[in-house]
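Let's take a walk through this one together. Keep the structure open beside you and follow along, piece by piece.

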2 protein chains.
Amino acid sequence: MRNGRPIVNSILLMLLFAAISQAQSIVSPDGRFSLSFKLIENGIPTYQLSFNGAPVIRESRLAIETKEVPSFIDGFSIETIDTSSIDETWEPVLGEVKQIKNMYCELAVTLIQYQHNRKLILRFRLFNDGLGFRYEFPVQPALTYFTLLDERTEFNLTGDHTAFWIPGDYDMNEYLYRTTPLSRVDATKGMSGKEIAARTVISPIAVQSPIMLKSADGLYINIFEAALSDYPAMNLMVDFGKMGLLSHLVPNALDHSAYLQTPAKTPWRTVIVAQRAADILTSKMILNLNEPSVIRDPSWIKPMKYVGIWWEMHVGWSTWRYADTNNIKLKGLDWKHIIPNGKHGATTERTKRYIDFAAKHGFDAVLVEGWNVGWEDWFGKWKEDVFDFVTPYPDFDVAELQRYAREKGVKMIMHHETSGSVTNYERRMDSAYSFMKAYGYDAVKSGYVGKIIPRGEYHDGQWMVNHYIRAVEKAAEYKIMVDMHEPVRPTGLQRTYPNWLASEAARGMEYSAWNPGNPPEHETILPFTRLMGGPMDYTPGIFRIKLDYTEQRKKEHVPTTLARQLALYVTLYSPLQMAADLPENYEEKLDAFQFIKDVSLDWDDTRILEAEPGEYITIARKTKNKESWFLGAITDENARTASLPLSFLDPNRNYVAVVYADAPTAHYLKNPSAYTITKYLVTNNTVLRLKLAPGGGTAVSFVPATVQNEQQLKHYK
Amino acid sequence: MRNGRPIVNSILLMLLFAAISQAQSIVSPDGRFSLSFKLIENGIPTYQLSFNGAPVIRESRLAIETKEVPSFIDGFSIETIDTSSIDETWEPVLGEVKQIKNMYCELAVTLIQYQHNRKLILRFRLFNDGLGFRYEFPVQPALTYFTLLDERTEFNLTGDHTAFWIPGDYDMNEYLYRTTPLSRVDATKGMSGKEIAARTVISPIAVQSPIMLKSADGLYINIFEAALSDYPAMNLMVDFGKMGLLSHLVPNALDHSAYLQTPAKTPWRTVIVAQRAADILTSKMILNLNEPSVIRDPSWIKPMKYVGIWWEMHVGWSTWRYADTNNIKLKGLDWKHIIPNGKHGATTERTKRYIDFAAKHGFDAVLVEGWNVGWEDWFGKWKEDVFDFVTPYPDFDVAELQRYAREKGVKMIMHHETSGSVTNYERRMDSAYSFMKAYGYDAVKSGYVGKIIPRGEYHDGQWMVNHYIRAVEKAAEYKIMVDMHEPVRPTGLQRTYPNWLASEAARGMEYSAWNPGNPPEHETILPFTRLMGGPMDYTPGIFRIKLDYTEQRKKEHVPTTLARQLALYVTLYSPLQMAADLPENYEEKLDAFQFIKDVSLDWDDTRILEAEPGEYITIARKTKNKESWFLGAITDENARTASLPLSFLDPNRNYVAVVYADAPTAHYLKNPSAYTITKYLVTNNTVLRLKLAPGGGTAVSFVPATVQNEQQLKHYK
């Protein structure tokens, strides 16, 4: 929905046969940012970005290396300069806020390489929260099809900033973040993590985008990309000499990066800048740089809270696979001759247990992993026909479960693990989605664990980037919502494809089922990095923190307090949220579980109350179309106290606040399960005192008070 | 259909912990061939093949190189030896003969590598026409999934034989044959041919299989493979030192050759040996080594004679493309804004012209190429979404043509050019085949011109080998017959998939639409090489031999005589035959065209009357379930005379022979279009004198004479 009207100021400068030495500049609507474009010697295009009068990105070159045609590096003259500005608002289908303001000034520079009779447009959009820019290749006689070898966009910084980074990798983003000065980046050493997906680390100096930076004088800078489509993901190479970052695209088997056909454009390259870390999280620039929804009637797209048969496999309580054989061929498979291992998770009976639990506690849906044949030897074997997505194990009765779930008013979430065999998935996608609809499934969790087939393609290359979008587009044809695991990192495409509810694309809670798990700081960095691109299916809500399901792992545990698990539902935004633990474990702590039952998934408003990457985050959100608010606060491995004015609340009401806090003795390693639950009356004048244990958190629900509440409850003091 | 019963003589020798030095041998049913297997030093498996007491293949090693597991090269002991024999006959759905005899002695050697606790079976089948053998990997604890780097099967020969060869190539088989001693093979120099498909020449010493050899003492040897499935094609590297050939498999982007899962097997490696060249062509060993048909009811599979909109594009009379733009995007394509070039071939009107012609002359079907959008920029651009296979050009009315063709009793043949973008084709295959059935198409000509997507795969690698079979299997689900162009060379799989009517997979007639065309010897070599694996859609029948359709090509012409074009319908076996020329050109020579109308496509019997690769071939075939015979004779660039006893004819009948011969002055370069047509009465005592012009041929039809014929016609003298 557009409330504003574009205001176009076009300055058309025909500067033929003239080298331009003076810069072309624009400023952001609020005047704080300044972007200038300049051709330097040999007609090389460059840009600079300043904030409050000081440079943030020093002179940085813009270049594209190509194969069959001359590269777009130098020899440019300016043909035309166009400027314009936009001020509009729009409403996301699902989101952190009801309305999003899209306001920027734009500079579009049409460059010409006379030597090759070729044009290139560089388009800059300067917002009040930073810069987005991209390369555009218009239709022209001398350029139709061309192959990109790499993109060489520079982001030259002003100092040796502190960086929150993970290694550049063509396949994998499930890493823990490291916090080092840029000059100390070494991406091939000492990286954590069990390899469950393919891993293709690029070089010691390569990091992934988004990268979060903090300058010595306290400026926060986030460098990323928006609207990644028909193009590979961008990694960043650290240039220690220039103290800058240089883009590097994910290649394919032929060492090509992208195949383009005019008119073509790159994704937007983004630089979000803020004096307060919280303002980085408030930025909606990534969404603003994406295209509006292509789904005209999104009424079938709903936020979903779900439980599922999943965590119990991670902790060793049950198995995805039905049998302990390791040699399955889908064609001609006869399960009569295969002996079950007796530990299969996705049985009809076990699924009914989850359906009953979901129905009782008001969950929308139940996910079941390991329901379909093929898990015996699904991974790491370069096998192409791993799953067919339509054949259940003999102990999983799809029709009966459809009937049972419908009777109980619960939806089922399908699981499609591709194991990276995407040619196989694409061949079977229509039959898989048809099967889903035939059995009443409206949502799918898809997975891309393992190396990609087509062999030689990577998870983050152009071919796979196109696949993810193709999968979501085809799902939309079937009115299916998608939760994608192990895809390329999101770049705001959920605006365009709102049925793309969430993605994983980072190290989620599952790693905490395996020693040593995600340290507390991980969840304070994720919003500044991975979540800049879109919702994450992090799957919080672990209540049985000791992983003593099996004898050999009885000393392991999730590095968290219980109260923190609740807070994550607010601090990690997603319209799709799992209560990841087993029903049995929730039933032991139904008082704390109440928060997960209550918490909303879709929001009118979001306030980043406090934030510092690697240290803490406190967020409050107002439920979409309701007066209730929810607050989540987490800290790193250090205890933390804070005083939070509840000024965001409606001044005309009293609210009942239910505070789920770490007990005074709580500690994420030593005493993780100690929590307190207290209820108060609060107003927007209340100042809430938070006391977070080391590795802990606090979750609070606020609902307008009833007369009865006001009689029974005390005001918070 | 099995008429015989297997006779099994099993000799089970448990020879544990013992190295075997004596050879294990079998002889062919007729005693002429002897195959011996032996482990040599270090437990290396070898085989030898003798014919009439003299070696044909000297001691040759058998080895497989693997990646994750130890290679299968040495350290073997013999565990068991099994011998058996088979004598049976079966009937192909379509074929050169009504019944095929399958008779062989088999030696199966189970080898064990004690060091790795691993088994390998080498299975040899010795027929009266030569040897087939393969590697088998049974299910076993120490071997489930493994990656092949290469296969190193040796074929060590007894001398510097004359070889008829084309370069080893991972993508392409559209070459002219070279005839040199093996020691003179140089596959990277001086190769002819316009590159219409991708070309990936391997090395100077690599040649393709099948390779045809002739020894100094006149023995004919054909080395090839049968039943290529889930495995890459085999090329052969010439070992000048050993004077042998060494297998080399087509790799993929990762330099892997094949991914196998036990139980697994390689295709059969074949050595066909004969004293007469004709007996090489008579061999049915390749078919016998393939599996029986998987199609239970093949009643919908029919031979087809067709005309089509195709040659007129090759000669420049019309175009595949509708417009002369070079930048089409399927998504959002609006043809209203695109100006037609006025030369588009596949118009509704032009198609009706072909339908009328086909109906009038009794053809089964009409092929139309260039009917669907995408031809403007279909090739050589690494474009993935080239065609959607369901969107006709605006001037091609699919529904109207369905109606018109049905009314005229003619079938339409669909065309699916993938341009090598196989990921795109696989995604759209169901909708493409559904579209065909909706519009009454029962057969598809598919094409794979260009480099393969998935990028890094080759036409002849394992992934594509599996694709071709997948396409044919899916076509069978829709009861669709397939004519495949630019696939891997056939290896007899038409026995298993009889809806796979024909393939191109070699340099066909289309090259003669472009200077300098296929020299006459090409068609005398094809039956000894490419056609050993299965029918070829060569598309003969060119009547307008001068290519004077356009001013710039008016001096070009097809290197053939007209009579030769008729003979090719008999000498190049296929149940799918095109009359490739334009209706207008046939209408000018309806007398000669009568042979194409008359000639059969499916046969009770085939007699190779004379044959010498590179020189001449004369074949007679008896129509399936009818008494008529057809004869074709062709020569190389030299004139040829021959006396042919017609002893194959039924001794109890007179026949009318219509002889379509080169005129006395005919010459494939100087006077190609001069032909004579004469009619005689003949019997099985007649000796027909053939007189073939340089580059010429003779075609003869024989039908049982009527009383009227016997009164009106003279006996041949």
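Pro454(A) sits in the loop between strand E25 (443-447) and H7 of chain A; helices (H or I, at least four residues) and strands (E, at least two) are DSSP runs, numbered from the N terminus. The peptide bond that leads from Ile453(A) into Pro454(A) is cis, with omega near 25°. There is another cis bond in this chain, joining Ser209(A) and Pro210(A), and here omega is about 0°. To find Pro210(A), look in the loop between strand E14 (206-208) and strand E15 (211-214) of chain A.

Phe389(A) is in the loop between strand E23 (365-368) and helix H5 (398-408) of chain A. Why point these spots out? Because most residues other than glycine have a negative phi, and most peptide bonds are trans.

A word on what you're seeing: this is a predicted model, in which local features need pLDDT of at least 70 and side-chain atom pairs count only at pLDDT 80 or more, while totals for chains, interfaces and linings use all residues. Residues are numbered from 1 along each chain as its sequence is written, chains are lettered from A and ligands numbered from 1 in the order in which they are written, and side-chain values use heavy atoms, with hydrogens and water left out.

Now for the helices. In chain A, the axes of H6(A) and H7(A) come within 11 Å and cross at roughly 5° (axes are lines fitted to C-alpha atoms, for helices over the stretch in contact, and angles run from 0 to 180 degrees between N-to-C directions). H6(A) and H7(A) are therefore roughly parallel to each other, the term for angles under 35 degrees. On the H6(A) side, the contact (heavy atoms within 4.5 Å) includes Tyr425(A), Met429(A) and Tyr433(A), and on the H7(A) side Trp463(A), His467(A) and Arg470(A) are among the residues involved. Sorted by class, that contact has 8 nonpolar, 1 polar and 4 charged residues. For this sorting, Ala, Val, Leu, Ile, Met, Phe, Trp, Tyr, Cys and Pro count as nonpolar, Asp, Glu, Lys and Arg as charged, and the others, Gly among them, as polar.

Over in chain B, helix H6 (residues 422-438) and helix H7 (residues 462-477) pack at an angle of about 5°, with their axes 11 Å apart. H6(B) and H7(B) are therefore roughly parallel to each other.

Leu562(A), Leu566(A), Tyr569(A) and Val570(A) of H9(A) meet Ala592(A), Phe595(A) and Ile596(A) of H11(A). What classes do these residues fall into? The contact has 7 nonpolar, no polar and no charged residues.

Finally, how do the chains meet? Chain A gives 32 residues to the contact, and chain B gives 32 residues. Between them, about 2,700 Å² is buried, with carbon and sulfur atoms giving 50%; buried area is the accessible area (1.4 Å probe) that two parts lose on being put together, summed over both. Tyr145(A), Arg427(A) and Arg455(A) supply 24% of the area that chain A buries against chain B, more than any other three residues.

The interface of chain A and chain B has 4 salt bridges, each being a side-chain nitrogen of Lys or Arg within 4 Å of a carboxyl oxygen of Asp or Glu. One to look up joins Glu426(B) and Arg427(A), at 2.5 Å, N to O.

Terms used: Angles under 35 degrees count as roughly parallel, over 145 as roughly antiparallel, 65 to 115 as roughly perpendicular and the rest as oblique.
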